[in-house]
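Reader: I've got a model open on my screen and I'd like to know what the labels on it rest on. Can you take me through them?

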Amino acid sequence: MIQKIMNRINEWLEDGLRGLLGRLTPDRRIILVITMFLVFGGLSIYMTFSSIYNFGKDKAEKMQIEQIESLRLQLEQQRDSINNLKSVE
């Protein structure tokens, strides 16, 4: 059922394109194809370079670097069980 619908849509599109392009002369077809190639190629190159350019822009502003608190590390070392045994003796 779906295959028949897809085939019917495909045939309808082919007939429409052949009807439109069949009226064009060969020179105009070449001009149309080259124009479409340049437009879609230009859009592709633009999208590629703009995505590379904007790749990490938003993330750089949101990142915040915090410094390590050295005091907490010293307190944890003092609470170590080995240090407690040494102080008892």
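**Labels and their cut-offs**

Author: Let's start with E14, which is partly exposed because its relative accessible area is 36%; buried means under 20%, exposed over 50%, and partly exposed in between, with a 1.4 Å probe and protein chains only. This is a predicted model, where local features need pLDDT of at least 70, side-chain atom pairs count only at pLDDT 80 or more, and totals for chains, interfaces and linings use all residues. Residues are numbered from 1 along each chain as its sequence is written, and side-chain values use heavy atoms, with hydrogens and water left out.

Reader: What makes R18 and E14 a salt bridge?

Author: The term asks for a side-chain nitrogen of Lys or Arg within 4 Å of a carboxyl oxygen of Asp or Glu. In R18 and E14 the closest N and O atoms are 3.8 Å apart, so the pair qualifies. A search of the whole structure finds one salt bridge. Both residues lie in helix α1, four residues apart, about one turn of the helix. An α-helix has 3.6 residues a turn, so residues three or four places apart point the same way.

Reader: And why is R18 called exposed?

Author: Its relative accessible area is 60%, so R18 clears the mark for exposed.

Reader: How do you know that the span of α2 agrees with its 28 residues?

Author: The expected span is 1.5 Å times one less than the number of residues. For α2 that should come to 40 Å, and the end C-alpha atoms are 40 Å apart, so the two agree. Helices here are DSSP runs (H or I, at least four residues), numbered from the N terminus, while strands are E runs of at least two. The chain has five helices and zero strands.

Reader: Why is α2 called hardly covered?

Author: The count of buried residues among its 28 residues is zero. Across the chain, buried residues make up 0% of the 89 residues.

Reader: What makes L17, L20, L21, L32, M36, V39, F40 and L43 a nonpolar patch?

Author: Patch members need over 30% relative accessible area and no salt bridge; nonpolar side chains (Val, Leu, Ile, Met, Phe, Trp, Tyr) are joined within 5 Å, like charges within 9 Å. F40, for one, counts as exposed because its relative accessibility is 53%. Together the patch has about 740 Å² of accessible area, and α2 gives the most to it, with five residues.

Conventions
Areas by Shrake-Rupley, 256 points an atom, 1.4 Å probe, with all protein chains shown as cover.
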